[in-house]
Amino acid sequence: MKTLRSITCLFILVLAANLSFGQNKMVVYQTDFGLKDGAVSEMKGVAMEVSPDLKLFDLTHEIPAFNDWEAAYRLEQTVKYWPSGTVFVSVVDPGVGTSRKSVVLKTKSGHFIVTPDNGTLTLIAKSLGIAELREIDESVNRRKGSEKSNTFHGRDVYSYTGARLAAGVITFEQVGPVLPPTVVSIPFQEAALEGKTIKGNIPALDVQYGNIWTNIPDTLFNQLKPKYGDMVHVVVSYKGQEKYTGDMPYTNTFGAVAQGKPLAYINSLFQVSFALNMGDFAKAYHLASGADWSVAVSLR
């Protein structure tokens, strides 16, 4: 009897540990809604209605309208810094109400992304991997009384489902049917060394300052054997058309060059970046970011 009780207790502990991995009561929101109206508040209200014990956080609500590429990048930038089991609700959904799938991706790191499958998962699927992908069953995981609403799935489907998952009201298996482990992907130039030149993409700007962030990791850049002070030759293109060509020193900080002068450096995500010291590189040279922006880097 004592042995049976011990086995039962052990089973309960193991089950609780497995559940906690998927449901840690934290939900992180990302949208292109801005904060000028009540849309974000409505989403959070729905979550609180599911469970007032949830902890709700914001990634950003300033994704440019309809820009699923930037949504993909901000997830890539942020998800890995949160504990396993965190649920991310990402709603940049220009196809709301159409045939695009509403899904929850479980990464191999144990994070959950609730989103339309419209390209938003492009980068996170590559970096953290797809453990499993499920389509949201809206006959179960949709806020009651919202069936007539076709234009706010962020509130009625995604926030509702994400909150239920995070709170432990449903398991991941109860989200809906399993899908093949592939997602809609936006094509872009992946970082690659070709001879003595590294080609890559400009996934995002350091928007507050206008610095140019690339997807070229320091580990790849180091294959060129750069030293601080070396001149870096940079070519930036948009859809194959050159938009900027220039040389700048490789430094470890902005103040290593005079005010207004360009520099190449490794940013806080350990990727090659370009800046003007106390200036706006993107604005000065009319550059932007996205899947169609590419960069080529070499040493002089």
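1. Strand E3 is joined to strand E5 (residues 112-116) by 3 bridges, and the two run parallel. Within this pairing, Val 87 stands opposite Phe 112. Strands are DSSP runs of E with at least two residues, helices are runs of H or I with at least four residues, and both are numbered from the N terminus; two strands pair if DSSP finds at least two bridges between them. The model is a predicted one, in which local features need pLDDT of at least 70 and side-chain atom pairs count only at pLDDT 80 or more, while totals for chains, interfaces and linings use all residues. Residues are numbered from 1 along each chain as its sequence is written, and side-chain values use heavy atoms, with hydrogens and water left out.

2. Buried here means under 20% relative accessible area, exposed means over 50%, and partly exposed lies in between (1.4 Å probe, protein chains only). Both faces of E3 are covered: Phe 88 and Ser 90 are buried on one side, and Val 87, Val 89 and Val 91 on the other.

3. E3 also pairs with strand E1 (residues 26-31), in the parallel sense, over 5 bridges. The bridge partner of Val 27 in E3 is Val 87. E1 in turn is joined to strand E2 (residues 55-60) by 5 bridges, again running parallel, with Met 26 opposite Lys 55.

4. For E1, 6 of the 6 residues are buried, so the strand is largely enclosed by the rest of the structure. Val 27, Tyr 29 and Thr 31 point one way from E1, and Met 26, Val 28 and Gln 30 point the other way.

5. The largest nonpolar core has 24 residues, and Phe 221 and Phe 274 have the most contacts inside it. Such a core is a set of buried Ala, Val, Leu, Ile, Met, Phe, Trp, Tyr and Cys residues joined through side-chain atoms within 4.5 Å. The elements giving two or more residues to this core include strand E9 (197-202), helix H6 (218-221) and strand E16 (290-299). Apart from this core lies another, of 23 residues, among them Tyr 29, Val 114, Ile 136 and Ala 163.

6. Leaving aside residues up to four places away in sequence, the residues that Phe 221 touches include Ile 198, Pro 226, Tyr 250 and Leu 299. Contact means heavy atoms within 4.5 Å.

7. The domain assignment of the chain gives domain 1 (26-179) and domain 2 (192-299); such bounds come from an automatic or database domain assignment. The C-alpha centres of the two domains lie 32 Å apart. In contact across the boundary are 6 residues of domain 1 and 11 residues of domain 2.

8. The area buried between domain 1 and domain 2 is about 680 Å², of which carbon and sulfur atoms give 59%. Buried area is the accessible area (1.4 Å probe) that two parts lose on being put together, summed over both. In domain 1, Trp 69, Tyr 73 and Arg 74 lose the most area to domain 2, together 69% of what that side buries.

9. For the chain as a whole, the secondary structure comes to 7 helices and 16 strands. Buried residues make up 50% of its 300 residues. The C-alpha trace spans about 75 × 50 × 35 Å along its principal axes.
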